[in-house]
Amino acid sequence: MPSPLRDASIALIKATIPALAEHGITITQTMYARLFQNREIAALFNQSHQSNGMQSEALAGAILAYAHNIDNLAVLGPAVERIAAKHVGAHILPEHYHFVAEALLGAISDVLGDAATPEILDAWGEAYWFLANVLIKREKDLREAAARAEGGWTGWRPFIVADKIRESDCITSFILRPADGGPVLWHQPGQYLTITLSPAGIPPMKRNYTISCAPNGKYYRLTVKREASGGGASAFLHDQMSVGDTLLATPPAGDFVLPETQMRPVILVSAGVGLTPMVSMAESLAARHCPVPVHFIHCTPNSKTHAMGAALNALAERHKDRMTVTTFYSRPLATDEQGVAYDQQGRITAQWLTVWLAAHIPLMDADLYLCGPHSFLHDMLTGLDAAGVPAERINHELFGPTISLQAA
């Protein structure tokens, strides 16, 4: 679609692209520093993404991509959808947007100095508010749809930890039931919950965790890895959250999901705790009695880190006419017997996957879902692209901030 911005504004924004490419991360770091002076606004954000610089980098990439596409905004549609879903999850409301506008324009002025002329700041203000209004409208639609649906709600809803299940040495599942005893919104397999934890003596912590069960209308299951740093939300959940405790959650969100009707074979490929959306997808496909073949391929270091393996193998056994599980151990223990505890030694590679597909399913006839760490996704996506797998057949999710607009 043609840009609704003035031609003069488009020209000024495009003129700032070299400066954004050079100073983008400094601008976003400065923006967040300005923004978080307001404690109420800071509380809206997942601060774990701030401490390692991921969010500043992601936003810098998004702003640069927005500038590159300012005269061709149609390509940004999928990214807008993802950002709107994240905002609904974080309960960001229309009245919060002006704080971001002030912080962003102030940061551009601080970092670019005299180069940030009043005309350039006006052009970026126009561009910001155009995108903000698109997001505000979409977020309103998403909230209203969630509120209308059976078991739906808006804002923060209290949930009780009904069960706590140790899945491995580093991964634990939490069964969450609504404190009001009512039903819950049926999530789309692959979606996540945004939760708020309130440890004593420190500010509340907001985190996104994938729902790891099939939709059921009664409860959600979150399966959480204890982070190596040993602190933060994952440690609080593992060490201090007990059965009967309460946390808050917004409705399920996210666009890394199975379609309602699956027509092609499904290949679910994950590494580490990236298996959580895949478990939800596998359980959902089984519950739907979906007739297509489903192949669950997962990599983890060894039996001590292997989560939900027995349940998945049992699920595959019950549906052995159309479901298989293949497990890789990258660092098996001496007691881990190949062919019993795991199937393949090493890591999943795109080369292995394309060879496996060639022997089982025509390469172009399946839908692939990938989830895991950045290095895993980078290697898989690069290798599958080189093998000629069409991009539209590959769906992927990276836990943490994503450079959505840049990807678009």
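**Figure 1. Strand 9 and its covered residues in the predicted model.** Six of the seven residues of strand 9 (residues 323-329) are buried, and the strand is mostly covered. The model shown here and in the other views is predicted. On one side of the description stands strand 8 (residues 294-300), which pairs with strand 9 in the parallel sense over seven bridges. Within this pairing, isoleucine 297 has threonine 326 of strand 9 as its bridge partner. Strand 9 also runs parallel to strand 10 (residues 344-345), to which two bridges join it. Here phenylalanine 328 stands opposite glutamine 344 of strand 10. Helix 11 (residues 309-318) belongs with strand 8 and strand 9 to a β-α-β unit, and this unit is right-handed.

Figure 2. Six strands form an open sheet in the order 10-9-8-7-11-12, and their pairing is parallel. Strand 10 and strand 12 (394-397) are at the edges; each has a single partner strand, so one side of each has no neighbour in the sheet. Strand 7 and strand 8 run parallel and are joined by six bridges. Valine 266 and valine 294, the latter in strand 8, stand opposite each other. In a regular strand, side chains alternate between the two faces of the sheet.

Figure 3. Glutamate 167 lies in the loop that runs between strand 1 (157-166) and strand 2 (171-178). Glutamate 167 is buried but has no salt bridge. A salt bridge would need a side-chain nitrogen of Lys or Arg within 4 Å of a carboxyl oxygen, whereas arginine 221, the nearest side chain of opposite charge, is 5.3 Å away. The side chain of glutamate 167 does make a polar contact of 2.7 Å with the side chain of serine 173. Apart from neighbours within four places in sequence, the residues in contact with glutamate 167 are Thr172, Ser173, Thr223, His306, Ala307 and Met308.

Figure 4. Aspartate 169 and arginine 166 form a salt bridge, with their closest N and O atoms 3.0 Å apart. Aspartate 169 has a relative accessible area of 46% and is therefore partly exposed. Arginine 166 reaches 62% relative accessibility, so arginine 166 counts as exposed.

**Figure 5. Threonine 250 and the residues around it.** Threonine 250 is placed in the loop between strand 6 (246-249) and strand 7 (266-271). Its relative accessible area is 0%, so threonine 250 is buried. A polar atom of the threonine 250 side chain lies 2.6 Å from the backbone oxygen of glycine 89. Leaving out residues up to four places away in sequence, threonine 250 touches Val88, Gly89, His91, Trp153, Gly155, Trp156, Leu193 and Thr194. Alanine 228 is 22 residues from threonine 250 along the chain, and the C-alpha atoms of the two are separated by 27 Å.

**Figure 6. Helix 9 and its cover.** Helix 9 (residues 232-239) has eight residues, of which six are buried, so the helix is largely enclosed by the rest of the structure. The buried residues of helix 9 are Ala233, Ser234, Ala235, Phe236, Leu237 and His238. Their cover includes strand 1, strand 2, strand 3 (192-197), strand 4 (205-210) and strand 5 (220-225).

**Figure 7. The salt bridge of glutamate 397 and arginine 82.** Side chains of opposite charge can pair when their charged atoms come close. In this view, glutamate 397 forms a salt bridge with arginine 82, and the closest N and O atoms are 3.2 Å apart. The pair links distant parts of the chain, since glutamate 397 is in strand 12 and arginine 82 in helix 6 (residues 77-89), 315 residues apart. Both glutamate 397 and arginine 82 are buried. A network of salt bridges links Arg82, Asp255 and Glu397. The structure holds 15 salt bridges.

**Figure 8. The salt bridge of arginine 264 and aspartate 367.** The side chains of arginine 264 and aspartate 367 form a salt bridge, at 3.0 Å from N to O. Arginine 264 is in the loop between strand 6 and strand 7, and aspartate 367 is in strand 11 (residues 367-371), so the pair ties together parts that are 103 residues apart in sequence. Arginine 264 is partly exposed, with a relative accessible area of 32%. Aspartate 367 is buried, with a relative accessible area of 7%.

Technical notes. Residues are numbered from 1 along each chain as its sequence is written. This is a predicted model: local features need pLDDT of at least 70, side-chain atom pairs count only at pLDDT 80 or more; totals for chains, interfaces and linings use all residues. Side-chain values use heavy atoms; hydrogens and water are left out. Helices (H or I, at least four residues) and strands (E, at least two) are DSSP runs, numbered from the N terminus. Buried means under 20% relative accessible area, exposed over 50%, partly exposed in between (1.4 Å probe, protein chains only). Lys and Arg count as positive and Asp and Glu as negative; His and the chain ends are not counted. A polar contact is a pair of N or O atoms within 3.5 Å; within protein, one must be able to donate a hydrogen and the other to accept it, and residues adjacent in sequence count only if both atoms are side-chain atoms. Contact means heavy atoms within 4.5 Å. Two strands pair if DSSP finds at least two bridges between them. A crossover is right-handed if, with the strands pointing away from the viewer, the path from the first strand over the helix to the second runs clockwise.
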